[in-house]
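Look at the backbone and the packing of this model.

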Amino acid sequence: MLKYVLQRVLFMLVALFLVSLFTFFLINSVPGGPFENPAIRPEVRLAMERRFHLDQPLIVQFGHFLRGIVTFDFGISLIVQPSRDITDILMERFPITIVLNLLSNFILVPVGFFLGSLAALKRNRFGDHAISALVVVFISVPGFVLASLMQYFLAFRLGWFPLVFSTSQNWDWDRFYSMILPVLALSFGGIAFITRFLRGELTETLNSDYMLLAKTKGLRTGQAIFRHALRNSLIPVMGMLVGIFVGILGGSIVVEEIFAIPGMGRIMINALLSHDYPLVMTTTVMYTAIALVARLLIDLSYSIVDPRVVVGGGKSAS
Amino acid sequence: MKFWKKAFVIAGSALTLGLLAACGGGGNDTVDTPPVDVVDTNNNQDGQTDAPPVAEGVVVYRRTGSSIPSLAPHNHTFDPVRVALTYSQGSFFYHLLDPETNSLRWFPGFAAELPEYNDEMTVWTIRLREDLAFTNGTPINAHTYDYSWMMLLDPVLASPGAQVFFNVFNVVGARAYFLGLSMEDYMAIQAQDSPNWVDNLPATDNPATWADVGIDILDDYTIQFTLHTPTREIDVLQTFGAMAALAAVDPEMYEAAFNADRTVNTYGLELADLAQSGRFIIVDWARDQYRVFERNMNHPLAHMFTWDVIEEFVIPDPGTVMQMFLNGELDQMALNSTTFPQFREDPRTVRVEGPVVWGFHINSASETNPILRDADFRHALFHATDRVTIAFDIYQVFIPANYIVSSRAWVGDLVNNPVRFRDTPQGRANQGANYSFDPDRALELFNAAWERNGSVPVAMELQYFEGSLEQRLASEFMKEEFEALFGADRFELVLTSMPVTASYERMQAGLHDAGWGTEGQNSWNAWSSFDIWRYDRPLRLHQMNSPEFMELQTRSAQGDLVFDDAGRIDALGRMEAIVLEYMPWIPIYQNNTAIIYSDRVHLLLEEFLFPVGHAVHQSFIEPNVERSITVNP
């Protein structure tokens, strides 16, 4: 187990390096630069490029970047928040995005599981059809449309919720209350995704021979489902969770804009569009690292869900 | 009924009831507000106030604005930051509406009086008031500015704000000090007048020192500037009239904000690291959410403004802004093509004159599309453009423009009796009839160009900005119109959407056929703004190379015409005509906008007057709204 984890960590570091290298040369190959702004005079642009080593060869610049990453000194933003430490920028934005993400996941995972299981158990009956219709709506109507509709009806017309994210700078009730609509908006897609996927997996499992055997052995339907069917169906669904988790973590630019949430979505887009290289690189490395760690955790958790799975390629315990 | 069915029914009922209630509820069209406590609105029959009445109670003004990433005075390249700094930092002069005469006037702010100058207008002296201070109590005097500008021009910090001293207000030695050049080398470079001089900067062991820079402190309250070229009073007033990069910094706080090797300075990156001195001070700031300003009663001109508190929210989505305005949470809302029709007839809606003209650039040196190099082809597009439909039907709020200099540009005696360039004979001469829309002429020109270029089908790609609905609609309209007029078998307009920055970068690299765009214009110095049409301009978006234009631009911006009002107007007219003759860019509309104000705003001016607009800062606002943001300590 430990050997497997160490191997995976080593591969993660290699992957991180390759992603960094690829991203660095990719963003530098895009025409333009952070200071190529007609409003900036050429002599000022020259001085600014010198200051941030942008006049040096790319490989030297990449060396500066790597040194920064290794020492956890991510440098300062060039354009998006000029001269501000990137760590400070991320520390300001990331907590809001991570809380939104966690709250969304707290909703979408159980609701998705509940609806998916229900649809599978009641397949081809009214409940299944109703849930399928809901899934179709959630998948086909973009999240930002649902967000706008909720904002209009529930916040503007009814006044049940604030129109925008609270101006409170503390994690108090006002802030959480103002997050309800955006969290719901971010959850609908994931709920639909999990529901549809789990329904398909579970329907197949419920028809399998071992479920028939379980029932023949005298297990009640609920016991058979929870002990055998759901456990088997969970494994492929868990793989999906990484994608959903990282997707929401990246921030939804549209939902952030509608509810005026100062999350990661806008900062990443701005960094890309303005060629703020240090900020682009740092966020890329951070998100890659999060995705890799999440993937590792999910892989490790397979053995918890299904003891027959042994991490590291060893033989099954059974 | 099983549990899940009950739950489903209950949830469905709740949702239905919610939607019904929402649809029929009528919404929050009114808000509970404290009672109005007004002394006298003093309205005349036109709805204009004769003099601003005095409001009793705290006047809170609420509006939206862009995110402000930093308040560092020296480092900003983003206009909203500059605007916020002009509020929070004191300026030497202010251009305001004189309520006694209802006309514009320059008021000394931090300066004790208007600037003095020598006969050549190259040496300018500004005397400061003696009672100036930051809100933290630190006094402000000439030495404070000396330190501030030395830091602004610091070669290691390479602050973008430094360029204030390089262009219109061109201080002797400032550029040499900033670039670490010797004065001798710099003077030699200046004498060569080479457009690429920054690419070949000589190394030196004897860089210019601060003493070489033409900023001298004559006494504790007097600053003298020595400039490279004679400079007009309006340009000096403008330079020190909205001071952002030139604002004073608190020397002690600034020194404390340096890192160990003095390569990075964090002054103004957080509110606690910024000393303020302006007419309003920022008391709370959440970068991407809001900022709260309070009137600084110690400012010399504090009595001229009517707002006590400004709450600015960062709300990127226009739909959300509209809901907040209708909810009574905002006092003004900018109107766009979607919202303007709804409020067109509303008496609270006023027009705002736009600073620039928009159109599309054509790559007149295209290697891949030779017809773009043909002036007749470009003129054909100019005459084929139905500006009225685009401006009035698509953009709704804009006005058609077949010219380059915005109607907001002033010429003549700019301090005492400015006139609009567009109202002068020279300005009118460049505006053809019917906004130059002439399909017959367009077809004639197209036919000539098409035959000269081999009579083969032509395709031209037009880049428009991703996310701009109006620009897409205008592009689609032009595609339809051009192809119908020139013949779809002969001409095709290919539309390509791309991000704004990518579009400009593509045009700077000369990789485009045509692309939407504009350039900033200084409404007080159109001659200086015309440097965008120079061939030696870095990052230019055009390929026009006119020696006559270059000479006129140099003479009128910094040469012998600077003090010749009549000659300068002639030069501006001729320069505009040269650009329109070459036609590197097809002007389409001027970006006039509209704003709707809430009922509690009683504008001092109904007609827009640049630069004070409707003088909303000086207008009477009913003090019947409480603060909505709890200021964080």
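**Backbone and cores**

P611(B) is found in the loop between β22 (601-602) and β23 (620-621) of chain B. Helices (H or I, at least four residues) and strands (E, at least two) are DSSP runs, numbered from the N terminus. The peptide bond from F610(B) to P611(B) is cis, with omega near 5 degrees. This is a predicted model, in which local features need pLDDT of at least 70, side-chain atom pairs count only at pLDDT 80 or more, and totals for chains, interfaces and linings use all residues. Residues are numbered from 1 along each chain as its sequence is written, chains are lettered from A and ligands numbered from 1 in the order in which they are written, and side-chain values use heavy atoms, without hydrogens and water.

Most residues other than glycine have a negative phi. S83(A), not a glycine, has a positive phi of about 70 degrees. It sits in the loop between α3 (58-70) and α4 (86-121) of chain A. S83(A) is buried, at 4% relative accessible area (buried means under 20%, with a 1.4 Å probe and protein chains only). M583(B) also has a positive phi, about 60 degrees. Its loop runs between α18 (565-582) and β20 (585-590) of chain B. M583(B) is buried, at 1%.

Now the packing. A nonpolar core is a set of buried Ala, Val, Leu, Ile, Met, Phe, Trp, Tyr and Cys residues joined through side-chain atoms within 4.5 Å. The largest has 249 residues; among those touching the most other members are F92(B) and W149(B). Helix α10 (residues 221-249) of chain A gives the largest share, 13 residues. A second, separate core of 20 residues includes F62(A) and V285(A).

Terms used. Buried < 20%, exposed > 50% of the residue type's maximum accessible area, 1.4 Å probe, protein only.
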